[in-house]
Amino acid sequence: MPKPEKFADVFSFVDYRQFLKEYYKSRKAFDPGFSHRFIASQIRATSTGWFSDLVNGRTNISGNHLIKLVQLLDLSGAEAEYFTILVQYDQAGTLEGKTQLYRKLFAIKGVRPELVGKDRFEFYSEWYHAVIRELLFFHDFNGDPSTLAKILHPPISVTEAKKSLRLLEGLGFIRKGPAGTYKSLPATLKKDPAFKSLHLDSYFKSNIRLGAESLETIAKEERDISTMTLPLSKSGFEKAKEEIRALRNRLLALTQSDTSPEKVYHCNFHIFPVTR
């Protein structure tokens, strides 16, 4: 069996333990001698079950063990740095620490949010523009807007589907291929904070409305909706907002590592006062 170029791509993971599991599985298939006992001997761990404990979350890694593992995995340069930060991210004890490390991860990968400014703010004029853009990352769309209109839930009109395709192509978010098929162009979109628009308020309202309608239109096992009522100080409220921001970042990171998407989902977060 020829040696693969990579046993696993560390940049495809946001959980270093999952990376280790995939790496081990791939390398073991190529080299039967690459065993838990062999790894423990190379790392100079005191237990032959050290690697099993590590990948199953029963122990952490740091210091010389981390350095030796990076060498054993043949990671160098940006790969070694990314893996090391993944480990630090997993073990960070504070939300602020996790947020800083998350930003470092995406800086290493070269992922930079593309700001949606005033010149492209029509993207937020309808809820389905973002859905179609995400859908075209993985859906084999033949260019027929009537097919596209029916895939969305709730369905949109053929006219709306046509307009959305023209808009997304004009904004540079999707590209039409020679066979008439469409594909989205990779980029992480972020609203330009310097620009305010009523479009965004309308976009939020439409997504909230869809969430409310899903209680009646989507089967319970296909959705997750919950609510909490919390007593918070001003400081507690700011911390709650930061927790939500961190969760959004983690979900975004999850989409980077999920290589087999099947559907597009809306995920709404709400926290607001209900007393004066």
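Predicted model: local features only at pLDDT ≥ 70, side-chain atom pairs only at ≥ 80, totals over all residues.
Visitor: Which helix gives the most to the lining of the second largest pocket?
Guide: On a 1 Å grid over the protein atoms alone, a pocket is an open set of points with protein on both sides within 12 Å along at least five of seven lines, whereas a cavity is a set of points where a 1.4 Å probe fits but cannot get out, and lining residues have an atom within 4 Å of a point. The second largest pocket holds about 2000 Å³ of space, where grid points are joined across faces, edges and corners and a volume is the space filled by probe spheres set on the points. Of its 50 lining residues, the closest to the centre are Asp224, Ile225, Cys267, Asn268 and Phe269. At least two lining residues come from each of α7 (127-135), α10 (198-217) and α11 (234-257), and the helix that gives the most, with nine residues, is α10.

Visitor: How many residues in the lining of the second largest pocket are nonpolar?
Guide: In this classification Ala, Val, Leu, Ile, Met, Phe, Trp, Tyr, Cys and Pro count as nonpolar, Asp, Glu, Lys and Arg as charged, and the others, Gly among them, as polar. Sorted in this way, the lining of the second largest pocket has six charged residues, 14 polar ones and, as the number asked for, 30 nonpolar ones.

Visitor: Which element supplies the largest share of the lining of the largest cavity?
Guide: The count comes to one cavity of 30 Å³ or more, and about 40 Å³ of space lies in the largest cavity. Its lining consists of Tyr89, Leu95, Lys98, Thr99, Tyr102, Ala246, Asn249 and Arg250, with α6 (95-109) and α11 as the elements that give two or more residues. By class these residues divide into four nonpolar, two polar and two charged, and the largest share, four residues, comes from α6.

Visitor: How many of the nine residues of α7 are buried?
Guide: Helices (H or I, at least four residues) and strands (E, at least two) are DSSP runs numbered from the N terminus, and a residue is buried under 20% relative accessible area, exposed over 50% and partly exposed in between, using a 1.4 Å probe and protein chains only. In α7 the buried residues are Trp127, Tyr128, His129, Ala130, Val131, Ile132, Arg133 and Leu135. The helix is therefore largely enclosed by the rest of the structure, and the number of its residues that are buried is eight.

Visitor: How are α7 and α9 placed relative to each other?
Guide: Axes are lines fitted to C-alpha atoms, for helices over the stretch in contact, and angles run from 0 to 180 degrees between N-to-C directions. The axes of α7 and α9 (residues 158-170) come within 10 Å and cross at roughly 70°. Angles under 35 degrees count as roughly parallel, over 145 as roughly antiparallel, 65 to 115 as roughly perpendicular and the rest as oblique, so α7 and α9 are roughly perpendicular.

Visitor: Which peptide bond is cis, with omega near 0°?
Guide: Most peptide bonds are trans. The exception here involves proline 154, which lies in the loop between α8 (145-151) and α9, and the cis bond is the one from histidine 153 to proline 154.

Visitor: Is arginine 44 buried or exposed?
Guide: Arginine 44 lies in the loop between α2 (36-43) and α3 (50-55), and its phi is near 65°, a positive value in a residue other than glycine. With a relative accessible area of 66%, arginine 44 is exposed.

Visitor: How far apart in space are tyrosine 124 and phenylalanine 204?
Guide: Tyrosine 124 is found in the loop between β1 (113-116) and α7, and at 8% relative accessibility it counts as buried. Although tyrosine 124 and phenylalanine 204 are 80 residues apart in sequence, their C-alpha to C-alpha distance in space is 9.0 Å.

Methods:
Residues numbered from 1 in each chain as written. Heavy atoms only, no water.
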